[in-house]
Every structure is written in C-alpha cells, then in structure tokens.
Amino acid sequence: MLVHSRKGKWTAWAVFFVLFLPLFALPLLVILAASFATSWPGVLPAGATTAHYAAATRGEALQALVTSLVTAVTASLLALIAGTWAALAGAALGRRRRAVLDALFMLPVAVPPVVVGLAVLVAFSQPPFLLNGTRWIVIVAHTVLVTAFAHQSVSAALERLDPACEQVAASLGARPAYVLWRVKLPLLLPSLGAAAGLCFALSMGELSATVMLYPPDWTPLTVLIYAATDRGALFAGSALAVVLMTTTLLVLLAVSRVRTKASYR
Amino acid sequence: MGSVTAEKAANTWGTGTSGAGAARPRPAAPRPRPLARLWALPPVAALGLVFLYPLALVVRQSFQPDTGGTSLTPYTDMFASTAFHQALWTTVWLACAATAGCLVLGFVLALVIAFVPFPGARAVARFVDVFLSFPSFLITLALLFVYGSVGMANGLWTDLTGAAQGPFRFLTTPWGVLLAEITYFTPFVMRPLLAAFSQLDTGQLEVAAGLGARPARIVRQIVLPEARPALAAGGSLVLVMCLNEFGIVLFTGAKGVTTLPMLVYGKAILESDYPGACVVAVVNILISVGLYGLYRVVSRRARA
C-alpha cells in the first residue's frame, strides 16, 4: 500500500479511471455501440438496428469469417509443430548453436509484418515455388509471423520442466521417442495450449502482411473490415469487428478450458 | 532488493525451500549428442524456405532496378526522394513519442493497480490481457467514432455550443496515429511492470512510509529502481512494434501520415514499384532488427 490517507487513495483512483476509461474501455464500448447503429449525430449513436449483424453473419462476411478461422487454425497448428520441434531440438543442442537457433526463430518478430508479406509475395510469385493466387500464400505468411511466439513460449516452458521425470523414465529403459511422447509432451500440454491460443489470436487479427498478398477468393475477415471502413461503411465495419473479437475470445476461452483440464490431469 | 533477490538466488542454486519445485537440483547441462544436430535441421530448413529465402530475395530485388541489370540505382533514387525522408522521419519520431507516452502512462496505471489496489483491480489486469489479443486497427476504428468529423466529441461540442462543426480534427494528422499507438501499446508496458511489481517486497514500502517518506519519494527511490529493467524491456519492445506498425496508420486513411511500412505497401501494391518497395523494406528491417537485438540484450540483462 503506497498511499494511506483516504483522500490520497481517492485521488490515485480518480487519476487511474480518468486515464483508463477513455483510453481503454471507451474504444471497445464505442465499437460495440456503433455496430448496432446507423448514424452518430451527437454524443450517442442513433438509429438502432441489427441489420449489420444480419449482414455480418451471411454471404461474403460469413465466408470471410470461415476463411479467417481456417487460416488461423492451420497457421497455428503448423507454427506449433515447427516451434515445438525447434524448441525440443534446441534444448538438446550445445549453448552456442542453441543461441543461434533461438535468434533465427525470434527474427520474424523484429521484421515488420508488411515486409514479411512483401518477401513472401516476392518469393512465391516466381519459380520454383508458385503459390501466388492460392490460399497457401496467406497461410504461409501467417505461419511465419506466429511461429516465433510458439517457439518462445514452448522453449520457456521446456526450461521450467523438471528434468527428473525425463531422467527417471530414461533410467527405467524408455527410449527417447517414448519419453518424448509419454512424458515430455504431456507435461508441456498446458503451455502448448497457451501457445496455440496466442498464435490463433495473432493470426485472426493479422492485417499487415495479409493485405500485401491475399488472393480475391481467400479474403480474411480483417481485410473485409478494412474494405468496409475504407469505403466509409464504418457501422457495418464495426459489426464485422465485433464478430471478429467475439470469435477470437470464444476460441481463447475454449482453449483455456482445455488447458486447465490438461493441467489438472 | 533484499529478500526477493536472495530468494531468486536460492532458487537458482537449488538451496531454497520456498514454493513448489524450488528445492530442485540444477541438472548438469545435457551433453550435446551428434544426432541432436540432425534433429534441428528440419525446422531450420522450413524457416529458411518460408522466411530467410524470401528475405534474401527482397535484398536481391532491391539491387535490381526495373530497367534491368544490377546496380545501386534503386537506393540512390529512394534516398533522394522527399517521400522517403518524410516517411523515415515520421516513423522515427512517432515511434519514439509513442514509446515515451506508453512508458509514462503504463507506469502510472501499473503503479495504481499494484500499490493502491481497489476492488476490481484484478479484473482490470485481466482486461488488459484481453486487450492484447485484439488487432491494433480496432483502436483507430474506435477513435473515428470518438473524435471523427461526425463522432462523439464533435457531436458533444456542436450540441453544447450550437456550432456547425466541432473542433476535433486531429485524427488524420500524426497526432491521431500517436494517440492510437499509445492506447494500443500501453498494455505491452503494463504487463512486465505488473510482473515486476508483484515481486517487490511491500515491506520496504511500509518501512519507508513509516520512516516518513512521502509517496513521491517512495516511488522515486524504491519503486522506480526496481521497475527499471521491466521499463527498459517493455519500452524497447514497444519501440520496435511502433516502428513496424501498419494497421493503425492504414485505418486512419490519412494521406499526410506515411510511415516506412506504409511506404512499402504503397510502392509495392499501389505503384507496383517492387525494387523501390524492397529498398524501403531493407531500411525498415535494418532499423527494426537492430533495435530488437538491443531489446533482447536489455531484457536478458533484466532477467539476470
């Protein structure tokens, strides 16, 4: 407790809420309110309607949502496999090589997403790898962007893992593959779940690399939100944004439930 | 410092008895097996194919002007253009200003959550976590409704004064981008700060207060030194993310605000000038990766 007087406490709280509410709570509330409105003439929005949601859950918008979900799930799974593999392989390496591997896998975080998009576009529009115009170019770009986060959280979890379990299993004669499958991976399950949730959320909200390379028949929801606001349809765009946020939160909630169950086992 | 550092040291050396799993002997570093190198090959090869190979092609294309051949022309052309100079300057000052804003705001907010807790402070901390999982451009979208030409603030003004137009029209200027970036990235500073504050021994604060130190002095002499590593790590991460930010700038739709990522997009997609886009990309990579390397060094020192 830093402040003891009643007056001082109230002052601190007042400062907190004066800063916090307009900056962090207001934006989300405003988007929610706008998604049910048709105009914003004064302090409050006007023209209550659910038409935006009716439009946001069918046709083009529904297809974009499915596109986003398929992209995010595929990219998260690929990133999880690559990141976990790299983390497990890195843990068995010597110190020097391991630092190089870690640095390599963290590099995509530092490179601007737009540049990742440009690079993937340049590389996969020419032989020998022609992916431009297919859905795979979007999935590849998303995988590149989220793998670093999967790798980081799995290697952090590996460091905290009790090496005794592994050693006991090995001393009882279990082969490395068996130890990996029956001891290490089950112990890592909670952090694998956390990593999957993080990758999924990042991929669902990814716009920067996607606008560089999405083909017309594989338009994720974020691109659709941008297209809507760009042509001035702010209220329809808000409804799409609420659909995006709700879907992301629901999946994150489901993943965290699976995770808690896994950690109690 | 005191007991927290002692406990950390005890955990590291395996002599501590507090907390679950603290009394675990530190294992000898596993001997590198020859097979281990082979196992590291597939993920590195995959990363090379989808990330390093494309980056190499970007660098190669930045030396190949559309007129053919290999030359430095794309670089000299780009460095001579005022658009590039402006974008570079805008990117750097926006990122620095946003980082400074995030540090100050994040420090104040985390201070109140950690040391002047109120009912619901935990819920607020959870809310901050949720905030991190949303895309950045939602903030710009929300600001359009709050400060846009037809929005809340201007609506309030016209209702109160009867004027035809409100005074708030900064959204399409760099200030609008700055406000959005500070809003979106402050949680990235708050998270490491809250973690650092939870490790701080509150007994020290009580003792200092008991000896008559005022809150401002406690913050300056006890809290700030403890928070410095977290501030440095969070601040440099936010700096890199601001340099790379694209969604916020794209959504303001402002012609006057061009940052380096925006210039990459404009050159490549709108003008189809790929060599030019690749030059800007290379510059952007150099700045961001250099700063990110610095961040890794700082955050590793902060953990040690």
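**Figure 1. Fold and dimensions of chain A in the predicted model.** Among contacts in chain A between residues at least 6 apart in sequence, 71% join residues at least 24 apart, where two residues are in contact if their C-beta atoms, placed from the backbone, lie within 7 Å. The model is a predicted one, in which local features need pLDDT of at least 70 and side-chain atom pairs count only at pLDDT 80 or more, while totals for chains, interfaces and linings use all residues. Residues are numbered from 1 along each chain as its sequence is written, and chains are lettered from A and ligands numbered from 1 in the order in which they are written. The secondary structure of chain A consists of 11 helices and two strands, in the sequence order α-α-α-α-α-β-β-α-α-α-α-α-α; helices (H or I, at least four residues) and strands (E, at least two) are DSSP runs, numbered from the N terminus. The C-alpha trace of chain A spans about 75 × 70 × 35 Å along its principal axes, and its radius of gyration is 23 Å, whereas a compact globule of 265 residues would have a value near 18 Å (taken over C-alpha atoms, with the globule rule being 2.2 Å times the number of residues to the power 0.38). Of the 265 residues in chain A, 44% are buried, a residue being buried if 20 or more other C-beta atoms lie within 10 Å of its own, exposed if 12 or fewer, and partly exposed in between, with C-beta atoms placed from the backbone.

Figure 2. Pro128(A) belongs to the loop between strand E1 (125–126) and strand E2 (129–130) of chain A.

Figure 3. Chain B has 13 helices and zero strands, and 41% of its 304 residues count as buried. Of the contacts in chain B between residues at least 6 apart in sequence, 72% join residues at least 24 apart. The mean pLDDT of chain B is 81, and 87% of the residues score at least 70, pLDDT being the predictor's confidence in each residue, from 0 to 100. Among the elements of chain B, helix H1 (residues 2–13) has the lowest mean pLDDT (35), and H4(B) has the highest (91). Over residues 1–24 of chain B the pLDDT is below 50, although this stretch has 21 contacts in the model beyond near neighbours in sequence. Where pLDDT is low, the predicted coordinates should not be read in detail. For the model, ipTM is 0.85 and pTM is 0.85.

**Figure 4. The contact between chains A and B.** Chain B contributes 73 residues to the contact and chain A contributes 67 residues. On the side of chain B that touches chain A, the largest share, 17 residues, comes from helix H2 (residues 34–61) of chain B. By class, this side of chain B has 58 nonpolar, 11 polar and four charged residues; here Ala, Val, Leu, Ile, Met, Phe, Trp, Tyr, Cys and Pro count as nonpolar, Asp, Glu, Lys and Arg as charged, and the others, Gly among them, as polar.

**Figure 5. The largest nonpolar core and Val120(A)**. A nonpolar core is a set of buried Ala, Val, Leu, Ile, Met, Phe, Trp, Tyr and Cys residues joined through C-beta atoms within 7 Å. The largest core has 166 residues, of which Leu118(A), Val120(A), Cys199(A), Leu240(A) and Val264(B) touch the most other members. The largest share of this core, 14 residues, comes from H4(B). Leaving out residues up to four places away in sequence, Val120(A) touches Ile137(A), Val140(A), Ala141(A), Val144(A), Leu213(A) and, in chain B, Pro54(B).

**Figure 6. Helix H6 of chain B**. This helix (residues 137–147) is mostly covered, with nine of its 11 residues buried. The buried residues of H6(B) are Phe137(B), Leu138(B), Ile139(B), Thr140(B), Leu141(B), Ala142(B), Leu143(B), Leu144(B) and Phe145(B).

Figure 7. Ala83(B), in helix H4 (residues 82–115) of chain B, counts as partly exposed because it has 14 C-beta neighbours inside 10 Å. Apart from neighbours within four places in sequence, Ala83(B) is in contact with Thr258(B) and Leu263(B). Ala209(B) lies in helix H9 (residues 202–210) of chain B and, with 17 C-beta neighbours inside 10 Å, is also partly exposed. Not counting residues up to four places away in sequence, Ala209(B) touches His4(A) and Ile218(B).
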